[in-house]
Amino acid sequence: MEKHWWQEVVVYQIYPRSFKDSNGDGIGDIGGIIEKLDYLKKLGIGAIWLSPVYASPNDDNGYDISDYEAIMAEFGTMEDMERLITEAKKRSIKIVMDLVVNHTSDEHQWFLEAKKGKENTYRDYYVWANPKADGSAPNELGSTFSGSAWEFDEASGQYYLHLFSKKQPDLNWANEKVRQAVYDMMNFWIEKGIGGFRMDVIDLIGKVPEKMITGNGAKLHDYLQEMNKATFGKHDLLTVGETWGATPEIAKLYSNPKRQELSMVFQFEHVALDEQPQKSKWDLRPLTVAQLKEVFAKWQTELGDEGWNSLFWNNHDLPRIISRWGDEKNYRVKSGKLLAILLHLLKGTPYIYQGEEIGMTNHLVSAIEEVDDIESINMYHERLAQGYKPAEIINAINVKGRDNARTPMQWDDSQHAGFTTGTPWLAVNENYPKINVTQALADKDSLFYTYQKLIQLRKDNPLVVWGDFHLLKTAPEVFAYTRSFKEKTWLVVTNFASEANEFHYDGTIKELILSNGPTPSQLEKVVLMPWDAFVVEVVKS
């Protein structure tokens, strides 16, 4: 496989609204990101994935874009954005923009024109359909944010498609003019010097709504190959697609270099392991570590040289991993270190979500009035109408709601965690006096320094980037594997549990690489204490 810079770096995701406020209005901004670039350089990251900063009415926190070539006033100006790209580059950090082109805002000029009538030039930029004979929606397609995916337009007597909020009408990718307009916009940003694109719900752009097909439509890969040729294919940029339904075989279609589509995809198979099968993300069940091992091992081995893995625990749509699968109450830091070690020594490009490196946790709410996220609010009212108890719904939001990831970054123990001098747009987690960046940097044994070491190990050791993966047979809650490259083998052992477990390996320790506690002197029989994790170079017996 041809080597690229994005295989060797760690990417850090910034959710701008919640990262750092530089002007006291309670909303994070581009100035705040620039302020903290030296912190990110200290961590060691090589790229920032920036959640949307484009002009937007904020129905879905910036994922409803009204102008792709303008910056949201709350975040700053285009000059600020250009300065961020320049200042990041000085620190060897690339900026990866969030590309949201499945849909726009209903306040985008294209849609405002499209609504003027069926003969308008922009009408076919979106997906329209006639009602059924009884006036109801064209078919049963549902929105991710609850209810029908069709919204009636009184003026024209037609419905338009919105797979998300009704303020997020879907673009019609079958229209060549739409595709060309998107490519022009992408080239606008490439010319500004960005390092690539994270592509929001890109698997939906090939939709065929009249046939009830949303993901992985027949034309999807034609569009991506055309996009590659017209935009980023001429440059060495990172492109990662958000693909919720991907299997390893589907992922190869996106990321096999020979196909000239994307660098990699985000696949979410592991993310669904604490959900009841065939139900929604709100229907919970405990994680089974054996299943997690199975899913990770499958993705590590089946892509081979025909694709590239993205590695992540968290993002702006997912709950905090320590609250979710670690032991927040008894072993917050230790379980956080285990989760970091386990993930970052796998093959692929790791992503850190802001605050993950200091062990931020979920923020519990007690009433729907405390919730900002449109998805959670819609689900609450829908389930209330179905007879669910309020406490049951709030519990699901506390476990899986998107606000968990979006609470402001915890910089220090001053008011509002040093995020803002004003009133934060979303409540700060009450635990900020003990979980914050200042505290983490002062403690040489903190989670931050484990992440820093893992990033450095990737830079210094080709084995971490290119080594073969082999899952070891162990007790169900012990997740252990080897990475081998040329003559060298590393053994990674984690006890993914709050109880002790035993581990056995036929080999000897040559060198300690990293651990979150005591390291064994031999491997014949190791008693692993709760959340133990260690990495050693080994010689096989």
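**View 1. The largest cavity and the residues around it.** The largest cavity has a volume of about 70 Å³, where a cavity is a set of points on a 1 Å grid over the protein atoms alone at which a 1.4 Å probe fits but cannot get out, and a volume is the space filled by probe spheres set on the points, with grid points joined across faces, edges and corners. This is a predicted model, in which local features need pLDDT of at least 70 and side-chain atom pairs count only at pLDDT 80 or more, while totals for chains, interfaces and linings use all residues. Residues are numbered from 1 along each chain as its sequence is written, and side-chain values use heavy atoms, with hydrogens and water left out. The lining of the largest cavity (lining residues have an atom within 4 Å of a point) consists of Q267, H270, F296, W299, Q300, N309, S310, L311, F312, L343 and L346. Helix α9 (289-302) and strand β12 (310-311) each give at least two residues to this lining, and α9 gives the largest share, three residues; helices (H or I, at least four residues) and strands (E, at least two) are DSSP runs numbered from the N terminus. By class, six of the lining residues are nonpolar, five are polar and none is charged, with Ala, Val, Leu, Ile, Met, Phe, Trp, Tyr, Cys and Pro counted as nonpolar, Asp, Glu, Lys and Arg as charged, and the others, Gly among them, as polar.

**View 2. The second largest cavity.** The lining of the second largest cavity has three nonpolar, four polar and one charged residues.

**View 3. The largest pocket.** The volume of the largest pocket is about 1,100 Å³, a pocket being an open set of points with protein on both sides within 12 Å along at least five of seven lines. Its lining is made of 41 residues, and the closest to the pocket centre are T144, F164, W244, K281 and E375. Helix α12 (residues 374-385) provides the largest share of this lining, four residues, and the whole lining divides into 14 nonpolar, 13 polar and 14 charged residues.

**View 4. The second largest pocket.** About 430 Å³ of space lies in the second largest pocket, which is lined by 21 residues, with H4, W6, N228, P257 and Q260 nearest its centre. Seven residues of this lining are nonpolar, 11 are polar and three are charged.

View 5. Helix α6 (residues 176-191) has 16 residues and should span 22 Å at 1.5 Å a residue, which agrees with the 22 Å between its end C-alpha atoms; the expected span is 1.5 Å times one less than the number of residues. Among the buried residues of α6 are V178, Y183, M186 and W189, where buried means under 20% relative accessible area (1.4 Å probe, protein chains only). At the start of α6, a side-chain oxygen of N175 comes to within 2.9 Å of the backbone nitrogen of K177, and after the helix comes G193, whose phi is positive, near 100°.

How values were computed: Buried < 20%, exposed > 50% of the residue type's maximum accessible area, 1.4 Å probe, protein only. Polar contact = N/O pair within 3.5 Å; in protein donor to acceptor, adjacent residues only side chain to side chain.
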